[in-house]
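Trainee: I would like a close look at one part of this model. Please take me through it step by step.

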Amino acid sequence: MNGWRRKGETIVAGFEQQEAAVLRGLVSQLEDMLTARAEEAPQDELAELTGIRTGPTESPDDPVLSRLLPDFHKLDPDNPTREDLDSAAAMRSIHEPELLDKKVGVAKIVLDTLPRDGGNVRLTFEQADAWLGALNDVRLALGTALDVTEDMPDELPEDDPRAPHLGVYHWLTWVQETLIQSLTS
């Protein structure tokens with residue numbers, strides 16, 4: 001990939017076949033995780049009648065999903081009150097379905113606009129914004145899985161099983177940065 005660039009009202013980049021395969025694979029996995037979480041949502045007759053969907057009231061157990069779907073109400077970890085717990089559950093139930101829709105939607109835009117075999121990608125500003133959201137989600141997911149921290153070195157020893165994946169994480173960071181630069185230039 002040679003980085004994103006702006007051409008008038010279009011944002012353009014070229015992806016090699018392997019780059020497209022890696023990115024499509026990561027975005028597809030993310031979409032699958034988010035879709036599975038959405039399908040776990042409780043179904044009730046009132047939601048079907050009113051069109052108001054509700055989501056789960058509990059945070060995801062999976063650390064990656066928990067990072068992508070954080071609590072909507074901050075709890076005091078040392079002394080959560082019953083009222084705070086109830087408020088956190090209600091906030092999650094109300095807002096998580098919309099957040100899941102948004103995250104799955106941006107993933108679909110990436111998958112729809114990134115050729116399977118690589119090649120040029122031409123995005124509108126709206127599509128570029130969706131790409132930023134999806135790239136951010138993929139980086140958060142991968143960073144959580146790799147336990148990336150601010151003090152982590154740019155390279156890990158060869159025998160560290162995270163080493164090859166950290167390179168992908170850094171590449172995704174660069175893809176995201178060049179997309180931001182192209183949108184602001």
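Mentor: Start with the second largest pocket, which is lined by T57, E58, S59, D71, F72, L75, R82, L85, A88, A89 and R92. Keep in mind that this is a predicted model. The volume of the second largest pocket is about 150 Å³. Its lining divides into 5 nonpolar, 2 polar and 4 charged residues.

Now turn to helix α4, which covers residues 82-113. Helix α5 covers residues 125-146. Two packed helices are described by the angle between their axes and the distance between the axes. For α4 and α5 the angle is about 110 degrees, and the axes lie 8 Å apart. Angles of 65 to 115 degrees count as roughly perpendicular, so α4 is roughly perpendicular to α5. The crossing of α4 past α5 is left-handed. On the α4 side, the contact uses K103, V106, A107, I109, V110 and T113. On the α5 side, it uses Q127, A130, W131, G133, A134 and D137. By class, the residues of this contact are 7 nonpolar, 3 polar and 2 charged.

Helix α5 also packs with helix α1, residues 17-39. Here the angle is about 80 degrees, with the axes 10 Å apart. Therefore α1 is roughly perpendicular to α5. From α1 come L23, L26, V27 and L30. They meet W131, A134, L135, D137, V138 and A141 of α5. This contact of α1 with α5 has 9 nonpolar residues, no polar ones and 1 charged.

Methods:
Residues numbered from 1 in each chain as written. Predicted model: local features only at pLDDT ≥ 70, side-chain atom pairs only at ≥ 80, totals over all residues. Heavy atoms only, no water. Axes fitted to C-alpha atoms, helices over the stretch in contact; angles between N-to-C directions. Helix = DSSP H or I, 4+ residues; strand = E, 2+ residues; numbered from the N terminus. Parallel < 35°, antiparallel > 145°, perpendicular 65-115°, else oblique. Left-handed = near helix turned anticlockwise from the far one by under 90°. Contact = heavy atoms within 4.5 Å. Nonpolar A, V, L, I, M, F, W, Y, C, P; charged D, E, K, R; others polar. 1 Å grid on protein atoms, 1.4 Å probe; cavity = no way out; pocket = protein on both sides within 12 Å on 5 of 7 lines; lining within 4 Å. Points joined across faces, edges and corners; volume = space filled by probe spheres on them.
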